[in-house]
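Student: Hi! I'd like to go through this structure with you, a few quick questions at a time. Shall we start?

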Amino acid sequence: QLTNDAHLKYAPVVSPNGRYVVFVSQSGGVHLWRVDLDSSNLVQLTNGNYDNSPRISPDGQWVVYSSYRSGKLMLWKVPIGGGEPTQLTERFATEPDISPDGKFVACFANDVETGKTVILVLPFTGGTTDKTFPLPSTLRWSSGPRWTPDGRAVTYVDGRGETTNLWLQPFSGG
């Protein structure tokens, strides 16, 4: 057992080096916390507004997450050791995943022109958008886009009718 209190916890992710678990806890708000795998050194990483969907960078140095910290749901990153968060997006974005090489973040976002949901792929360092890919209105948000191990595509879940299916969007397009 890694934690032992009465607060709801979810969305655990383990650092690539196997040292930490980062998770969402509703202790004093919805924030990200980190604990060592031996259950020691419990540390609160964020103090925004509904911090959620953590993902740890392949080098184990950063946690990317979504938050209403600035008043609308956007992506942020914070050092895994704690510190000030850095804003990654200027528009609605959620459900991040970091590419295996650590260069890009894929997420669900709203297209600024159409307002429709897209997969947004942006540089991990922030800045201008690299690519967007349209998504069907039947997208299942809770499953988030997930990179394939080779970093050449992103998967997502689409639900049509009473079924859900997996889709693969190549990073090169198509």
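Student: Is F92 buried, partly exposed or exposed, and what makes you say that?
Tutor: This is a predicted model, and in it F92 has a relative accessible area of 24%, so it counts as partly exposed. The buried class ends under 20% and the exposed one starts over 50%, so a value in between gets that label.

Student: And which ring does F92 pair with?
Tutor: W141. The two ring centres are 5.9 Å apart. Their planes meet at 70°, so the pair is edge-to-face.

Student: What parts of the chain does the F104 and F171 pair tie together?
Tutor: F104 lies in strand β10 (residues 104-110), and F171 lies in the segment after β15 (163-170). They are 67 residues apart in sequence.

Student: Are those two buried or exposed?
Tutor: Buried: F104 has a relative accessible area of 19%, and F171 has 17%.

Student: Switching to charges, what sits over the ring of W76?
Tutor: The charged end of R69, 5.5 Å from the ring centre. There is also K77, which lies over the face of W62 at 4.6 Å from the centre of that ring.

Student: Last topic, the backbone. What is the phi of A11?
Tutor: About 60°, a positive value, although A11 is not a glycine. Most residues other than glycine have a negative phi. A11 is in strand β1 (residues 9-14) and is partly exposed, with a relative accessible area of 30%.

Student: What about N41, where is it placed?
Tutor: N41 is in the loop between β3 (31-36) and β4 (43-44). Its phi is near 60°, again positive in a residue other than glycine. N41 has a relative accessible area of 45%, so it is partly exposed.

Note on methods:
Residues numbered from 1 in each chain as written. Predicted model: local features only at pLDDT ≥ 70, side-chain atom pairs only at ≥ 80, totals over all residues. Heavy atoms only, no water. Phe/Tyr/Trp six-rings, centres within 6.5 Å; stacked < 30°, edge-to-face > 60°. Buried < 20%, exposed > 50% of the residue type's maximum accessible area, 1.4 Å probe, protein only. Helix = DSSP H or I, 4+ residues; strand = E, 2+ residues; numbered from the N terminus. Lys NZ or Arg CZ within 6 Å of the ring centre and 35° of its normal.
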